[in-house]
Amino acid sequence: MRCATRWCLPLTSGWRYCIARCARRLFGGAGLSREPRLIAESARVMTNSLQSRLISWQAACILLVGAIAGFISFFSAFQEAYEFQDDQLIQVAALINSQILSVAEHSGLPVVVKDNDSRFTVQVLGQRSEHALPLPSNMANGFQTLLLKRRSWRFYVRSLADGRRVAVGQSTEGRDELARDSGVRTAMPFLILLPLLVTLIVVSVRRTFAPVERLSSDIDARGQNDLRELDLDGAPQEIRPFLHSINGLLARLTRALAEQRRFIADAAHELRSPITALLLQTANVERAVLDPEARLRVASLKAGLQRTRALLEQLLAMARSQSNPQDPVENLPLASVMCQALRECEPLAQARNVALALHDQSGQAQLSATRADVLAMLRNLLDNAIRYTPPHGMVEIALRAVAGEIEVSIADSGPGIAAADKARVFDPFFRVGGSDDFGSGLGLAIVRTIVERLHGQVFLEDVSATPPHGLRVRLILPRSRDGSRPKLSPVN
Ligand SMILES: Nc1ncnc2c1ncn2[C@@H]1O[C@H](COP(=O)(O)OP(=O)(O)O)[C@@H](O)[C@H]1O
Ligand SMILES: [Mg+2]
């Protein structure tokens, strides 16, 4: 037995390995599935960094210029208010003459005069009174700043016609306060307008970059096989050369992928005939009179050839699902296609002793698709459910029409798929460890490609919270309205 296995496996698994390796290069997740995501990601990174760079540079420039302008206006307003108050001192001093002083003295008014706000003090130098400031009588004419009783004062001294000298003064504290108020009032508009200006910059930069954001979300929303050219309408002039280059790249990628797909499909097609011929030959050999050991070797060879043929079939199905459909797109009643898929999978279910149950509540709801696509999708899901459910298990299928959608649920009583593997099982050639030797890892990749083409969604859920969890595959597919023309997303 050991010898028989050794003799036939190098042949069959060697073929399978070569074909799978070649196909992995074509369908492998690294190339095809990440392409649009990568472009979207790089476009988004570019937008974000350019936007934030523009916003931060402009905001920094405005804040700097605004701060300098505010500072300059504060100081010039401060200086002006100071000079204005000096002028006021001169004007008040000019109004005082000998007659006014004599009238004041005769009417018993003090020689020290203060205005209501105590902003001006008028005093005759050399005269003493209880309210008078201790001004030195030898103060020179003109402006003087003195420290009296711990307060700073600004005085203007002038000689009158009769020789007396008058000092008109203000406390510098009050003068500074007035000058400061005036400076702050002048700089205030800058302080208020700066945040407004920065907000306007943020809004305008975001609006300017909106077309780039739109482009990246357009690419993000695409399916993994959607390599259509980017729409240049409304794209800013500056990024058009970049978009043209991306479109050129997408066109080259599309051509290369189409060529590779054609090659793999042709190779799989060409290999199908010799494998079928080999299978016929093994059937003939089986019919001959053989000793038990030779019979074991032939059985092992036959199983290997069957697996190789199954892999070739899946490769062809994958290539077909990724190219534009050759069959006509029709409005198909889902229930009838499901019945056909169930009929095709029934022998396998019987062989594995798995029960199948269909609950149809779809009410003849229809899908816009090719029969080959829908059949391939359902066949793969039923095949998995039956194959991964232990003998005497159960596969329940439910069809439901809700609003504009059709829900297909295929639930089995098998081991289910671990949460960590649920996203990966859709990658081509990914198989969970311990799965039987028959599969190729292409089934769910084919399902995902077809579901995306139909603008639908596929979810993998646990049937039960306790082991064996079972697996429920839920498809949500858009329903075609009666009389509507069938439509599919194009494939490159
Ligand atoms: N109903 C299911 N129950 C448990 N595991 C499943 C089920 N369907 C798929 N799987 C797991 O997902 C993997 C990928 O499935 P698929 O792409 O159909 O490849 P294949 O069936 O050829 O191995 C399988 O190897 C299997 O481990
Ligand atoms: Mg499978």
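The report below takes up the nonpolar cores, then a pair of helices, and finally the cysteines.

This is a predicted model, in which local features need pLDDT of at least 70 and side-chain atom pairs count only at pLDDT 80 or more, whereas totals for chains, interfaces and linings use all residues. Residues are numbered from 1 along each chain as its sequence is written, chains are lettered from A and ligands numbered from 1 in the order in which they are written, and side-chain values use heavy atoms, with hydrogens and water left out.

In soluble globular proteins, nonpolar side chains tend to be buried together. A nonpolar core is a set of buried Ala, Val, Leu, Ile, Met, Phe, Trp, Tyr and Cys residues joined through side-chain atoms within 4.5 Å, where buried means under 20% relative accessible area, exposed over 50%, and partly exposed in between (1.4 Å probe, protein chains only). The largest such core has 60 residues, and Met338 and Val408 are among those with the most contacts inside it. This core draws at least three residues from each of domain 1 (2-33 + 224-314) and domain 3 (328-478), with bounds from an automatic or database domain assignment.

Helices are DSSP runs (H or I, at least four residues), numbered from the N terminus. The axes of helix α8 (residues 371-387) and helix α10 (residues 443-453), lines fitted to C-alpha atoms over the stretch in contact, with angles running from 0 to 180 degrees between N-to-C directions, come within 9 Å and cross at roughly 140°. Contact (heavy atoms within 4.5 Å) is made by residues including Met377 of α8 and Ile450 of α10.

The structure holds zero disulfides, a disulfide being a pair of cysteine sulfur atoms within 2.5 Å. Two cysteines are listed here.

| Cysteine | Relative accessibility | Class |
|---|---|---|
| Cys61 | 42% | partly exposed |
| Cys339 | 31% | partly exposed |

Key: Helices (H or I, at least four residues) and strands (E, at least two) are DSSP runs, numbered from the N terminus.
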